[in-house]
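Here is a briefing on one protein chain. Have the coordinates open while you read.

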Amino acid sequence: MTPDIPDTPDIMARADATIAATYKRFPIALVRGEGCTLTDAAGKTYTDFLAGIAVCNLGHCHPKVTAAVTEQAQTLLHVSNLYYTLPQTELAGWLTEHSFADRVFFCNSGAEANEAAIKLARRFFYEKGQDRYRIIAAEGSFHGRTMATLSATGQEKIRKGFHPLLKGFDFVPFNDAGALRDAIGPDTCAVLLEPIQGEGGVRVPDPDYLASVRRICDEAGILLIFDEIQTGIGRTGKLFAHEHFGIVPDIMTLAKALANGLPMGAMLAKEWAASAFGLGAHASTFGGTPIVSAAALATLTALQGENLIDGCREKGAYFKERLTWLKDRHDTVLDVRGMGLLMGMELETEGDTVVTAAMAEGFLINCIQGRILRFAPPLTIGKAQIDGLIDCLDGILRSDRCLTK
Ligand SMILES: *Cc1c(COP(=O)(O)O)cnc(C)c1O
């Protein structure tokens, strides 16, 4: 135990008394991270198969990111976007060079990136003198918690109690191109989709779905926006998940892993779309601030330099094979799905008990939608660590608590 760190009950009691009670927290306080390992206030270590929810793709406290942040912190933390800075310029250069996009708008979170995309889609048709403002999104989607982004989120539990929502969102079933085509009206401006639904349950569409959506958007003359906040930055075994499907969107949003743990969001767009955001159309005080941009640039160059995306495909395939082995052994496992190192395992029973049992054995995993275990480890995870988790889950699933429906 580290002597100068308060103990877990103390931290918990003070937090529970003062922090808004919006999160159901597990009874551990994390104090340290290195690579795929986290340490709690009691000195117990955990192998992290969540990585801050697909945030720390390089692992915790990656030395290159830490060095870039340290150096930038000693040079220039923040200046207004009224001035040019080198870190933001270099980051925008990297992102446009490695994607379909020509321009980047920087902000501080996923929700803000989607806000920017929603605003750009509306402004794009306004500039053309057309009254198109409706956006089609998918049932089961997740796009954030601000008023516009929860209005775009196809999950009632997230929207509940916040009405009236922002007008102009229509919902269609995910992975149904026909339903999407039928939903397009004269005032539709855009389609907003996650290439793989994350919070909705790690749902991977059919291989031709996104290409069909692309064609439908082109025919209708509307914008295609991909929310790659969870799927981007190498998570699925490509820099961006849409690369698996052989098409590109017109607008893409990023956040989560972009700066490996520092808060950053970005909206990327083709020039012809981005040009609808003229002077003063949108802004963010902290967007692309030097310290965060330096972290993002270090993240992306390390991702590339350490060949982590190829490694993600390989380790993802191994992980899927091992999860499928679990599925074959346990009737309670109904499905295994995902791409790269974003994996889901659907159970017949409640997932919370499995998460708690795994935590006791030193593995952090996550449960979404009640019955779906989600795994999003750092892309640096090792095969031995994957085997360790599989053995742990095998034991938990074999025990009585998971056999009862
Ligand atoms: C996490 C997430 C968001 C919201 O990001 P925040 O940074 O929490 O605002 C939006 N879309 C997707 C797909 C996400 O996974």
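The points below cover domains, salt bridges, a helix pair and backbone geometry.

The model is predicted. The domain assignment of the chain gives two parts: domain 1 (8–61 + 307–399) and domain 2 (63–305).

**Domain interface**

- The C-alpha centres of domain 1 and domain 2 are 26 Å apart.
- On the domain 1 side, 30 residues are in contact with 34 residues of domain 2.
- About 2500 Å² of area is buried between the two domains.
- Carbon and sulfur atoms give 57% of that buried area.
- The count of salt bridges between domain 1 and domain 2 is one.

**Salt bridges**

- The structure holds 17 salt bridges.
- One of them pairs the side chains of Glu-199 and Arg-374, at 2.6 Å from N to O.
- Another pairs the side chains of Glu-127 and Arg-123, at 2.9 Å from N to O.
- Glu-127 and Arg-123 both belong to helix α5 (residues 110–127).
- They sit four residues apart there, about one turn of the helix.

**Helix pair α4 and α11**

- Two packed helices are described by the angle and the distance between their axes.
- The axes of helix α4 (residues 86–97) and helix α11 (residues 290–305) come within 8 Å.
- These axes cross at roughly 35 degrees.
- The crossing of α4 past α11 is left-handed.
- From α4, the contact uses Pro-87, Gln-88, Glu-90, Leu-91, Trp-94 and Leu-95.
- From α11, the contact uses Pro-290, Ser-293, Ala-294, Ala-296, Leu-297, Leu-300, Thr-301 and Gln-304.
- By class, this contact has nine nonpolar, four polar and one charged residues.

**Backbone geometry**

- Most residues other than glycine have a negative phi, and most peptide bonds are trans.
- Which kind of peptide bond joins His-163 and Pro-164? The bond is cis, with omega at about 0 degrees.
- Pro-164 is in the loop between α7 (156–159) and β6 (169–172).
- Ile-53 has a positive phi, near 60 degrees, and is a residue other than glycine.
- Ile-53 is part of helix α2 (residues 51–54).

Definitions and conventions. Residues are numbered from 1 along each chain as its sequence is written. This is a predicted model: local features need pLDDT of at least 70, side-chain atom pairs count only at pLDDT 80 or more; totals for chains, interfaces and linings use all residues. Side-chain values use heavy atoms; hydrogens and water are left out. Axes are lines fitted to C-alpha atoms, for helices over the stretch in contact, and angles run from 0 to 180 degrees between N-to-C directions. Helices (H or I, at least four residues) and strands (E, at least two) are DSSP runs, numbered from the N terminus. A crossing is left-handed if the near helix is turned anticlockwise from the far one by less than a right angle, and right-handed if clockwise. Contact means heavy atoms within 4.5 Å. Ala, Val, Leu, Ile, Met, Phe, Trp, Tyr, Cys and Pro count as nonpolar, Asp, Glu, Lys and Arg as charged, and the others, Gly among them, as polar. Domain bounds come from an automatic or database domain assignment. Buried area is the accessible area (1.4 Å probe) that two parts lose on being put together, summed over both. A salt bridge is a side-chain nitrogen of Lys or Arg within 4 Å of a carboxyl oxygen of Asp or Glu.
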